[in-house]
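Colleague: I'd like to learn how to read a fold like this one. Could you take me through a few features?

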Amino acid sequence: MTNNDILIRLRYALDIKNVDMVEIFKLGGMVYTKEEILNMLLKVNDEEEEPEQYIKCNNKMVEAFLNGFITFKRGPQKPKEGQPEGPLPVSGKESPNNMLLKKVKIALALTTEDMLEILYDGGIKVTKGELGAILRNPGHRNYKECGDSFVRNFLRGLTYKYRE
């Protein structure tokens, strides 16, 4: 699953409008026009050649979007003493799949039980331990990288919860 697929599916699942996408990217520290966002959201098959206007998303773009999504949903965070004000820093080092689960959980203020329910609705039964391993920091010894099918099921469950 590509980073563009993640944005397309998340946008659909949560019914995010184009103007909101522009605002979310801006809150994450990246400025794009509505046309550029639409070019990111083009569906491209593996067999087809990418259209000339197609914009391929990298991990930093997805992380900036997810950081902006947190700010969009929860409001700006008050900086702690000695911390600079502005968007969350973007590292681009973590797997976009794990990052998606963590940051959507934060943005939507989901509990672990909510996450388990969403995953169950999406067609996958997961234990708290397995979910905890996916939500850990990459340097932790029990960290588990999240696969594409896991994210697809999570986004399907989000769609059931927020669109129906």
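Colleague: How much space lies in the second largest pocket?

Modeller: Bear in mind that this is a predicted model. The general idea first: rolling a probe the size of a water molecule over the atoms shows where empty space is left. Here, the second largest pocket holds about 280 Å³. Its lining is made of 14 residues, and the closest to its centre are Thr-2, Asp-5, Lys-43, Val-44 and Tyr-54.

Colleague: What classes of residue make up the lining of the second largest pocket?

Modeller: You'll find 7 charged residues there, along with 4 nonpolar and 3 polar ones.

Colleague: Now Asn-3: buried or exposed?

Modeller: The way to read this is by relative accessible area, with buried meaning under 20%. Asn-3 has 10% relative accessibility, so it counts as buried. You can find Asn-3 in helix α1, which covers residues 3-14.

Colleague: And what does Asn-3 touch?

Modeller: Leaving out residues up to four places away in sequence, Asn-3 touches Cys-57, Asn-58, Asn-59, Val-62 and Pro-96. As for Cys-57, its backbone oxygen sits 3.2 Å from a polar atom of the Asn-3 side chain.

Colleague: Which residues have the most contacts inside the largest nonpolar core?

Modeller: A core of this kind is a set of buried residues joined through side-chain atoms. In this model the largest one has 42 residues, and Leu-10, Phe-65, Phe-154 and Leu-158 have the most contacts inside it. Helices that each supply at least two residues of this core include α1, α4 (59-74) and α8 (148-163). Take Leu-10: beyond its neighbours within four places in sequence, its contacts include Phe-65, Leu-100, Val-104 and Leu-158.

Conventions:
Residues are numbered from 1 along each chain as its sequence is written. This is a predicted model: local features need pLDDT of at least 70, side-chain atom pairs count only at pLDDT 80 or more; totals for chains, interfaces and linings use all residues. Side-chain values use heavy atoms; hydrogens and water are left out. Helices (H or I, at least four residues) and strands (E, at least two) are DSSP runs, numbered from the N terminus. Buried means under 20% relative accessible area, exposed over 50%, partly exposed in between (1.4 Å probe, protein chains only). A polar contact is a pair of N or O atoms within 3.5 Å; within protein, one must be able to donate a hydrogen and the other to accept it, and residues adjacent in sequence count only if both atoms are side-chain atoms. Contact means heavy atoms within 4.5 Å. On a 1 Å grid over the protein atoms alone, a cavity is a set of points where a 1.4 Å probe fits but cannot get out, and a pocket is an open set with protein on both sides within 12 Å along at least five of seven lines; lining residues have an atom within 4 Å of a point. Grid points are joined across faces, edges and corners, and a volume is the space filled by probe spheres set on the points. Ala, Val, Leu, Ile, Met, Phe, Trp, Tyr, Cys and Pro count as nonpolar, Asp, Glu, Lys and Arg as charged, and the others, Gly among them, as polar. A nonpolar core is a set of buried Ala, Val, Leu, Ile, Met, Phe, Trp, Tyr and Cys residues joined through side-chain atoms within 4.5 Å.
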